[in-house]
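Colleague: I am new to this one. Please show it to me, and then let me ask how you know what you say.

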Amino acid sequence: MEDWVELGTASTSTEAHLIRILLAREGITLRIDGAALSGALGELPIEMMQIRLWVHPLQLGKAQRLLESRTDNLPIWFCRHCAEENPGEFSVCWHCGHEMPEL
Ligand SMILES: [Zn+2]
């Protein structure tokens with residue numbers, strides 16, 4: 001088995017998914033513990049659990065830098081198609097793939 005190191009925690013499954021996508025774009029595999037539960041329960045607002053994020057030790061440094069650079073400089077936006085929240089650096093909705101609405 002490979003070893004994994006904890007990168008941090010996410011407070012919602014949405015945040016965990018966003019981080020996973022962000023890291024995946026840089027070739028980093030993120031393992032998420034705890035997200036399956038809230039995903040399985042669908043729309044119930046029980047996302048108060050802590051979701052733990054794990055990466056491979058060799059990718060930890062890069063992943064940490066990516067998260068640190070994930071600033072709030074760019075405003076979040078909401079998808080017109082599915083109403084999901086997206087970070088500003090995304091040009092398409094992480095959830096449904098729709099493009100960011102033009103201003
Ligand atoms: Zn969407």
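Predicted model: local features only at pLDDT ≥ 70, side-chain atom pairs only at ≥ 80, totals over all residues.

Colleague: What makes β2 and β3 a pair?

Modeller: Two strands pair if DSSP finds at least two bridges between them. Strand β2, residues 30-33, has four bridges to β3, in the antiparallel sense. Four meets the cut-off of at least two, so they pair.

Colleague: How do you know that β1 pairs with β3?

Modeller: By the bridge count again. Five bridges join β1 (residues 5-10) to β3, and the two run antiparallel. In this pairing Gly8 stands opposite Leu53.

Colleague: What are the two faces of β3?

Modeller: Ile51, Leu53 and Val55 form the covered face of this strand, residues 51-55. Arg52 and Trp54 form the uncovered face.

Colleague: Why do the side chains alternate?

Modeller: In a regular strand, side chains point to the two faces of the sheet in turn.

Colleague: What counts as a strand or a helix here?

Modeller: Both are DSSP runs, numbered from the N terminus: helices are H or I with at least four residues, strands are E with at least two. The chain has three helices and five strands. Their order from the N terminus is β-α-β-α-β-α-β-β.

Colleague: Why is Cys93 called buried?

Modeller: A residue is buried if 20 or more other C-beta atoms, placed from the backbone, lie within 10 Å of its own; 12 or fewer make it exposed, and in between it is partly exposed. Cys93 has 21 such neighbours, so it is buried. Of the chain's 103 residues, 17% count as buried.

Colleague: Where is Cys93, and what does it touch?

Modeller: Cys93 is in the segment after β5. Leaving out residues up to four places away in sequence, Cys93 touches Cys79, His81, Cys82, Glu84, Asn86 and His98. Contact requires C-beta atoms, placed from the backbone, within 7 Å. The C-alpha atoms of Cys93 and Phe78 are 8.3 Å apart, with the two residues 15 apart along the chain.

Colleague: Why is Ala83 called exposed?

Modeller: Ala83 has 10 C-beta neighbours inside 10 Å, so it counts as exposed. Ala83 sits in the loop between β4 (77-78) and β5 (85-86). Its phi is positive, about 70°, although Ala83 is not a glycine.

Note on methods. Residues numbered from 1 in each chain as written. Contact = placed C-beta atoms within 7 Å.
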